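The stops below each begin with something to select.

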Amino acid sequence: MKFILRAAAVMTTASLLVACGSPAPQTTAEQRQAALGLIGEASLKAHVEYLADDARQGRKSGEAGYDDAAAYVAEQMAAMGMVPAGVDGWYQPIALRQFKIDTETAQMSIHRDGKDVQLSYRDDFAMSGDVARTESAVRAGVAYVGYGVHAPEYGYSDYDGIDVRGKIVAYFRGAPDVITGDAAAHFSSGRTKALEAVARGAVGVIGLRTRKAEERRPWEEQKKRFGKRPGMAWVTSDGRAARYYPEIQVSGWLSMAAAGQLFGLAPLSFEGALEARLGDSPHSTILAAEVSMSNQTTHTTTSSSNVIGMVRGTDPELANEYLVYSAHLDHVGVIADDAKDDVIYNGMYDNAMGVALMLETARAIAAAPPRRSVLFIALAAEESGLIGSDYFVNNPTVPIDAIVANINLDMPLFLQDIADL
């Protein structure tokens, strides 16, 4: 891996210099080359070693280890001569609400053909807690809606011809192959699907697994993690949880075996749904079953911060435009596991590596400022659902319409020698 880290930072820095436009006359080519030379392998290693050390306890947002890491990043930014660009100096504080399901209370049953089949938590189903309610429950009929995607601009909709009002919707992750590129990421988003389900009157959600998902991460492995980590949401100034949809009473996920029980044989078997999905043609239908789901949730409040520094651009006009360079600072912390001696998830690659590259890129940019201004953001709570970035977009510290681009570094895995990038 000799020189790989330094080379990666040099290349990403060079990309930034181009993206920001040609430097002002006082920043010469020699100065820019000298700035790139400031990036050293020793500095990259030092950042990674500090951030991923056991003392940081896995840098979970809302905990002391993350605060230590945030202070380290702020100190590095200050030493590079950047300008604080947060709300509280370098920091942009975020009020957070953690919510954790009481796994002993998690219940799911399938009701069909006059019989009640009670499923087993972890073996048959998983369930998320509720970000606002302490007790949640729903019993309703189930509508299978393919991917849960409505994209008429692509000639595709899983909701055409089906009424899901008052129903629990069941759908696969992802999006049909007819939707490609950035649009596929948008329509695959759980948030996009939840909004569509809410708009159509659904009261619950059940996630379904594909064969590919089962091959990649078998349920038997996944179930060990269910209920171990709390969920998290940022809280608005009036005390509401952001991105919360109270119309969805309960959300859960089924193993493939349990999904087979939900579908039965008519009007559509689960095998039939799997095959229809591969054909990218909607086969949405009301299933001949009801499902009941319930759970209890505990809530705690905490806070964390994005860390934001800025290099002011040299051009009087372009300095009011911003390129954002970001990397998430958090990881998942400490997760108890009776089968493991080491329970600290250090997050060396995810994402101490990305933060290190961002910091060394910042060092070079600060030494040879481009014409546009550049924001460097170490983001909080990415592992809990992109919370730090979502919060920044909704509460930007610079005018949002003045941001021209964002370059994000997340888990750059330079595990092998590379020829080019």
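Is Met411 buried, partly exposed or exposed, and why? Select Met411: it counts as partly exposed because its relative accessibility is 35%, where buried means under 20% relative accessible area, exposed over 50%, and partly exposed in between (1.4 Å probe, protein chains only).

Before moving on, note that this is a predicted model, in which local features need pLDDT of at least 70 and side-chain atom pairs count only at pLDDT 80 or more, while totals for chains, interfaces and linings use all residues. Residues are numbered from 1 along each chain as its sequence is written, and side-chain values use heavy atoms, with hydrogens and water left out.

Met411 lies in the segment after strand E18 (403–408); strands are DSSP runs of at least two residues, numbered from the N terminus.

Next, select Thr105, in the loop between strand E2 (91–101) and strand E3 (107–112). Thr105 counts as buried because its relative accessibility is 18%. Which residues does Thr105 touch, not counting those up to four places away in sequence? They are Ser294, Asn295 and Gln296, with contact meaning heavy atoms within 4.5 Å. Show the side chain of Thr105 as well: it reaches the backbone nitrogen of Gln296 at 2.9 Å.

Last, select Ser237, which sits in the loop between strand E11 (231–234) and strand E12 (250–254). Ser237 counts as exposed because its relative accessibility is 86%.

Conventions. Helix = DSSP H or I, 4+ residues; strand = E, 2+ residues; numbered from the N terminus. Polar contact = N/O pair within 3.5 Å; in protein donor to acceptor, adjacent residues only side chain to side chain.
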